[in-house]
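Morning, everyone. Let me put the model up, and then we'll walk through it from the inside out.

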Amino acid sequence: MPKYLVLTLCNLLLFALPLQAKQVILQASTSHVEGQARYLDNGHNRPALLILHGFSATHNYPTVQALQDYFSLSGFTTLAPTLSLQIPLRSQPVQCNSLHTHTLQQDIAEVNAWIDWLEQQGHQDIILIGHSSGSQTLLEAMIPHTPKSIKALILTSLFYLNGEELGNLESEIQIAQDLLSQGNNAPRKFNFLFCQNDYLATPESYLSYLTITRARVLETINQLDIPSYSVMGSADSRYTQVGEKWLRELNASQTELSVIEGANHFFTGEHEGLLHDRVEVIINKITSK
């Protein structure tokens with residue numbers, strides 16, 4: 001191979017490598033459990049992007065890591081936290097039959113702690129990007145108070161957590177409520193999302209997430225005092241449960257909806273690049289205002 005071709009290839013490879021990622025550790029919850037995040041610092045010329053993973057996953061989940069690497073290479077400072085789920089320095093996904101004691105309120109406290117941390121690094125303009133239930137958590141974290149530094153919210157694969165169509169059983173909800181009212185928070189198995197019959201959780205943990213109903217998501221979007229943008233895949237398998245009417249309901253809300261044709265819940269394959277392009281268009285729109 002000619003020498004100049006080798007040099008050119010090496011230069012391209014060097015350019016393609018992401019910045020050196022830093023692990024950031026933060027006591028990020030009210031229960032003093034340490035959480036961690038992947039941080040890539042590109043300075044303060046552009047808004048910092050906080051990117052949050054979906055339920056039980058980590059910042060290493062492919063959808064999230066690909067978003068972070070893409071925008072880091074594009075010159076943005078990015079922070080991708082892993083919600084601790086009350087496991088110190090959690091680095092692995094939590095399985096359905098693992099013990100779930102975490103609550104939505106603790107997740108929100110961690111999100112706010114990471115926003116505070118970014119502000120302490122000098123980032124006064126922050127855009128939040130969520131995937132799947134990470135979108136729901138970020139949405140909840142903005143109500144009733146949105147930090148001044150948050151300029152916009154980008155929600156990808158946004159759904160909700162409570163509904164008979166999702167497999168939630170009124171009988172189980174009632175049992176959990178009765179146990180809590182009796183002061184009994186002992187874990188038991190519930191039906192929740194993709195964890196059918198084997199979601200091992202305390203009643204307090206289980207019920208905290210069930211506040212995110214279909215109506216709650218739409219209501220919260222309409223309460224936001226910052227712009228929100230929702231990016232959905234037209235081939236998301238979750239429409240078999242919730243119906244494609246969900247897209248019409250999102251479109252009728254205050255969020256700005258865009259749909260990527262043929263994309264699944266995780267925007268895998270050829271749709272990964274389309275997701276990055278779509279989010280980039282949204283960010284350019286936000287920063288041009």
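Start with helix 4, residues 133-141. Its buried residues pack against strand 3 (48-52), helix 3, strand 5 (126-131), strand 6 (150-156) and helix 7 (214-223). Packing here means contact, that is, heavy atoms within 4.5 Å. Helices (H or I, at least four residues) and strands (E, at least two) are DSSP runs, numbered from the N terminus.

Two quick notes on the source. This is a predicted model, where local features need pLDDT of at least 70 and side-chain atom pairs count only at pLDDT 80 or more, while totals for chains, interfaces and linings use all residues. Residues are numbered from 1 along each chain as its sequence is written, and side-chain values use heavy atoms, with hydrogens and water left out.

Back to helix 4. How many of its nine residues are buried? Nine of the nine, so helix 4 is largely enclosed by the rest of the structure. Among them are Ser 133, Gln 136, Thr 137 and Glu 140. Buried means under 20% relative accessible area, exposed means over 50%, and partly exposed is in between, with a 1.4 Å probe and protein chains only.

A search of the whole structure finds one cavity of 30 Å³ or more. Fifteen residues line the cavity; closest to its centre are Phe 55, Leu 83, Asp 107, Ser 133 and Thr 137. Which helix gives the most to that lining? Helix 4 does, with four residues. Helix 3 and helix 4 each supply at least two. By class, the cavity lining has seven nonpolar, seven polar and one charged residues.

How is that defined? On a 1 Å grid over the protein atoms alone, a cavity is a set of points where a 1.4 Å probe fits but cannot get out; a pocket is an open set with protein on both sides within 12 Å along at least five of seven lines; lining residues have an atom within 4 Å of a point. Grid points are joined across faces, edges and corners, and a volume is the space filled by probe spheres set on the points. For the classes, Ala, Val, Leu, Ile, Met, Phe, Trp, Tyr, Cys and Pro count as nonpolar, Asp, Glu, Lys and Arg as charged, and the others, Gly among them, as polar.

Now the open space. The largest pocket has a volume of about 200 Å³. It is lined by 15 residues, and Phe 55, Ser 132, Phe 194, Arg 238 and Phe 266 lie nearest its centre. Its lining has eight nonpolar, six polar and one charged residues.

On to the cores. In soluble globular proteins, nonpolar side chains tend to be buried together. A nonpolar core is a set of buried Ala, Val, Leu, Ile, Met, Phe, Trp, Tyr and Cys residues joined through side-chain atoms within 4.5 Å. The largest one here has 61 residues, and Leu 50, Tyr 206 and Trp 246 have the most contacts inside it. Helix 3 gives the most to this core, with eight residues. A second, separate core of 21 residues includes Val 64, Ile 127, Ile 260 and Ile 282.

Next, the cysteines. The whole structure holds one disulfide, meaning a pair of cysteine sulfur atoms within 2.5 Å. Cys 96 and Cys 195 form it, with their sulfur atoms 2.0 Å apart. Cys 96 lies in the loop between strand 4 (78-82) and helix 3 (104-120) and Cys 195 in strand 8 (residues 195-201), so the pair ties together parts that are 99 residues apart in sequence. The link is left-handed, with -70 degrees about the S-S bond. Cys 96 is buried at 15% relative accessible area, and Cys 195 is buried at 2%.

Last, some backbone details. Ser 56 has a positive phi near 70 degrees and is not a glycine. It sits in the loop between strand 3 and helix 2 (62-73). Ser 56 is buried, at 10%. Asn 197 also has a positive phi, about 70 degrees. Buried or exposed? Asn 197 is exposed, at 57%, and it lies in strand 8. Finally, the peptide bond from Ile 143 to Pro 144 is cis, with omega near 5 degrees. Pro 144 is in the loop between helix 4 and strand 6.
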